Amino acid sequence: MSAATAGFVHPEYLIETEELAARLADPDLIVLDSTTHLIPDPKITYTVKPGREDFEKGHIPGAQFVDLQADLSDNTGRHGKLRFMLPSPAAFAAAMGRFGVGDNSRVVLYSTTAPQWAARVWWMLRNYGFDTAAVLNGGFQKWAREGLPVETGPAKSRPPARFTVRQDRGLMVGKEAVLGAVGDAGVCTINALSHEQHTGTGGNVYGRVGRIAKSVNVPAATLIDPATGAFRPAADIRARFDAVGAFDKKRVITYCGGGIAASTDALALVMLGHPDVRLYDASMSEWSNDPSLPMETGE
């Protein structure tokens with residue numbers, strides 16, 4: 001356990017830059033960069049731009065680039081226009097295998113921007129029963145800032161591997177589960193979007209403004225130290241979740257605009273030891289566009 005992860009019940013889900021640097025020669029190590037950029041577009045909320053260009057300008061040696069929308073999302077059309085939806089077990093296993101992730105791999109996830117992209121892939125791996133994955137604390141920004149080795153150009157291909165979906169833990173939930181949680185005293189529904197989006201006073205809008213009725217707000221961005229890009233100390237993060245009663249409830253459901261920022265909250269809750277955390281996969285991209293589903297605005 002490093003000083004940065006002291007106080008977490010499950011510090012193994014974060015890895016520090018110096019530890020990763022010492023492990024780069026490990027043949028079982030798979031490093032995945034899942035950087036994605038969301039470019040605001042009033043017509044469709046945002047345009048998705050994979051971070052491949054960033055990757056080719058500089059990445060951790062031996063890393064593979066994951067296009068989250070193309071490689072690790074359900075693109076069958078069964079979810080309509082919803083983006084970043086969890087792929088089927090078979091599709092997820094095939095994608096992991098293409099990147100060289102096998103049953104005995106140790107996976108490290110990072111991005112060149114916010115950790116939410118790495119956390120999203122970590123959450124999908126967790127959902128499908130794979131627990132030997134960690135998010136790089138501070139991401140590529142911290143890695144580069146510390147002068148650690150960097151490669152440029154496209155990823156070097158790795159031999160394909162066999163990835164087994166051990167189980168589907170049901171950690172992604174749909175609107176029915178979220179609707180059932182509205183007013184349920186045993187569930188804490190947490191919005192990982194900004195305070196302005198939560199109250200309906202500003203920020204990016206996915207449909208109707210505001211939040212899911214009865215939900216509380218712990219913005220994903222507030223869990224990260226803006227000076228370092230790393231997670232804040234465990235006690236600080238725990239205090240933010242305690243302030244909304246997350247650990248007083250048997251279950252937590254996190255959500256955001258499209259299931260990405262919510263992954264940061266979900267990761268933090270698991271690291272803090274909450275026993276039952278789920279994520280609303282479609283989040284506000286679905287909820288705010290269905291007038292039958294209850295929403296609120298204001299403080």
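**Close-up views of a predicted model**

Thr112 counts as buried because its relative accessibility is 17%, where buried means under 20% relative accessible area, exposed over 50% and partly exposed in between (1.4 Å probe, protein chains only). The model is predicted, so local features need pLDDT of at least 70 and side-chain atom pairs count only at pLDDT 80 or more, while totals for chains, interfaces and linings use all residues. Residues are numbered from 1 along each chain as its sequence is written, and side-chain values use heavy atoms, with hydrogens and water left out.

**View 1. Surroundings of Thr112.** Thr112 is placed in the loop between strand 6 (106-110) and helix 5; helices (H or I, at least four residues) and strands (E, at least two) are DSSP runs, numbered from the N terminus. Apart from neighbours within four places in sequence, Thr112 is in contact (heavy atoms within 4.5 Å) with Asp33, Thr35, Asp54, Phe140 and Gln141.

**View 2. Helix 5 against helix 10.** The axes of helix 5 (residues 116-127) and helix 10 (residues 261-272) come within 8 Å and cross at roughly 65°. Axes are lines fitted to C-alpha atoms, for helices over the stretch in contact, and angles run from 0 to 180 degrees between N-to-C directions. Helix 5 contributes Gln116, Ala119, Arg120, Trp122, Trp123 and Arg126 to the contact, and helix 10 contributes Ala261, Ser263, Thr264, Ala266, Leu267 and Val270.

**View 3. The pair Phe55 and Phe65.** Nine aromatic pairs are found in a search of the whole structure. Rings of Phe, Tyr and Trp (its six-membered ring) pair if their centres lie within 6.5 Å; planes under 30 degrees apart count as stacked, over 60 as edge-to-face and the rest as tilted. The ring centres of Phe55 and Phe65 are 5.7 Å apart and the planes stand at 50°, so this pair is tilted. Because Phe55 belongs to helix 2 (residues 52-57) and Phe65 to strand 5 (residues 64-65), the pair ties together parts 10 residues apart in sequence. Phe55 is buried at 1% relative accessibility, and Phe65 is buried at 5%.

**View 4. Surroundings of Lys250.** Lys250 occupies the loop between helix 9 (234-242) and strand 12 (251-255). With a relative accessible area of 72%, Lys250 is exposed. Beyond neighbours within four places in sequence, its contacts are Gly186, His274 and Asp276. From C-alpha to C-alpha, Lys250 and Val48 are 35 Å apart in space, and they are 202 residues apart in sequence.
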